[in-house]
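The sequence and the structure come before the description.

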Amino acid sequence: MKDHDKRSSAIRIGFLGFRTPALEIMPPLRRRAMLAEAVLQGARFEIIDSIASKPGALSAYCWTGTDWELSPVTPQSVVFIMGAGVKPEQREVSEYVQQESVCIHDIGLNKLNQTILFQGSEARPYVIPTERLLGDGLQAQVLSFLQRHDSAVIKRSDANQGVGLLFILRDGDAWRIVQDQKVHRGKIDEVSELVARKIAGRMSYRDYLIQKFVPSHSVDDRPVDIRVHVQRNGSGDWQVTRAYARLGEMGRQAANVSKGGYQGALSSFLKGRHVRKAGDIEAELHAAALLLADVQSASAPRPLSELGIDFLLDQDDKIWLIETNALPQSSLHEQQRAMHSIAYALSLASSSTLAVP
């Protein structure tokens, strides 16, 4: 008898994604951490194959003790759903799983909807002044925003990992546009016209935002932001799993790890601040992240289990929100992430009226 059959009485936790092959949806270290934590917490972890499965006939990869094996399974007690089905048959499987299991669906909000949500909440003090760009009067809107805020960053509402960022920065009586290390200088009306021409053709199919540019730098003048990874724990409460600084390459405007940036210990970075005490800043970052998670999860149609929340720290050590991310990366803290993910799933399973399959 195989190991996954011997433990048939254990609560089963599933993971459903829609890329193929199914085992490659989750990075190997995360998959291993989720499996190990499930065992440690007395559960079973299974990866549902969205292509091999059908409504009423699920197939999942189960650990045999030596390898992952695709086997027929009944619906799990709790399922993490990542993304949305691409093919009609995948969407049918997803709908079936949502009917039969308690589901955690970590779906994020685009930047426009985040701004609207947080501006109307207790988290408003952390929201950077932001406007949705409109097709009519686009150049005039950009010009007006620059006159009020001096500098700005223009971004797609669905931007990811710094894609499409366009910075407009004031240098005395002149302005410069910076995009992918390319620089154009001009007067305020000239840069407003150029920006409008750059994005006008794309606005028919994509939302754009203009946001006040908040400089956030380390002591050696590298761009820096702060990621606070929060998760729900075994009690269902939000808690901080890890907080760390992300430093970009010298000369860049944003700290994108995907473009050559680095991660560093938050405590070490905060020691270099001069306006506020490091401990006070760190405590507020944690509190702000938990507040934002509460606000966003309260608006979600299904339970959220985690968020990666990104902040800037300006020259006065004021904290500003960049965005929240529903699927944060965790290559340096996979075990801590898995520990809370499994604990939260088990808490949902124990409080559910669904029978354990």
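Two strands count as paired if DSSP finds at least two bridges between them. Helices (H or I, at least four residues) and strands (E, at least two) are DSSP runs, numbered from the N terminus. The model is predicted: local features need pLDDT of at least 70, side-chain atom pairs count only at pLDDT 80 or more, and totals for chains, interfaces and linings use all residues. Residues are numbered from 1 along each chain as its sequence is written, and side-chain values use heavy atoms, with hydrogens and water left out.

**Overall build**

The protein has nine helices and 17 strands. Its C-alpha trace spans about 75 × 45 × 35 Å along the principal axes. The radius of gyration, taken over C-alpha atoms, is compared with a globule rule of 2.2 Å times the number of residues to the power 0.38. For 357 residues a compact globule would have a value near 21 Å, and the 23 Å of the protein agrees with this. Buried means under 20% relative accessible area, exposed over 50%, and partly exposed in between (1.4 Å probe, protein chains only). By that cut-off, 50% of the 357 residues are buried. A contact means heavy atoms within 4.5 Å. Of the contacts with a separation of 6 or more, 65% come from residues 24 or more positions apart.

Angles run from 0 to 180 degrees between N-to-C directions, and axes are lines fitted to C-alpha atoms, for helices over the stretch in contact.

| β7-β12-β8-β9-β10-β11 | antiparallel | 20° |

In the six-stranded sheet, the edges are β7 (130–132) and β11 (182–186), each of which pairs on one side only. Strands β9 (residues 166–171) and β10 (residues 174–179) run antiparallel and are joined by five bridges. Phe167 has Val178 of β10 as its bridge partner. Helix α4 packs on this sheet, where it touches β7, β8 (152–156) and β12 (208–212), and its direction makes about 125° with that of β7. Helix α5 (residues 138–149) lies across β7, β8, β9, β10 and β12, at about 15° to β12.

Four bridges hold β14 (residues 238–247) and β15 in an antiparallel pair. Within this pair, Leu247 is bridged to Tyr262 of β15.

**Helix α8**

The expected span of a helix is 1.5 Å times one less than its number of residues. For the 22 residues of α8 (residues 278–299) this gives 32 Å, and the end C-alpha atoms are 32 Å apart, in agreement. Its buried residues include Ile281, Leu285, Ala288, Ala289 and Leu292. An α-helix has 3.6 residues a turn, so residues three or four places apart point the same way. The buried residues of α8 pack against α4 (111–119), β13, β14, α7 (266–270), β16 and β17.

**Cysteines**

How many disulfides does the structure hold? There are zero, a disulfide being a pair of cysteine sulfur atoms within 2.5 Å. Cys62 is buried, with a relative accessible area of 2%. Cys103 is also buried, with a relative accessible area of 2%.
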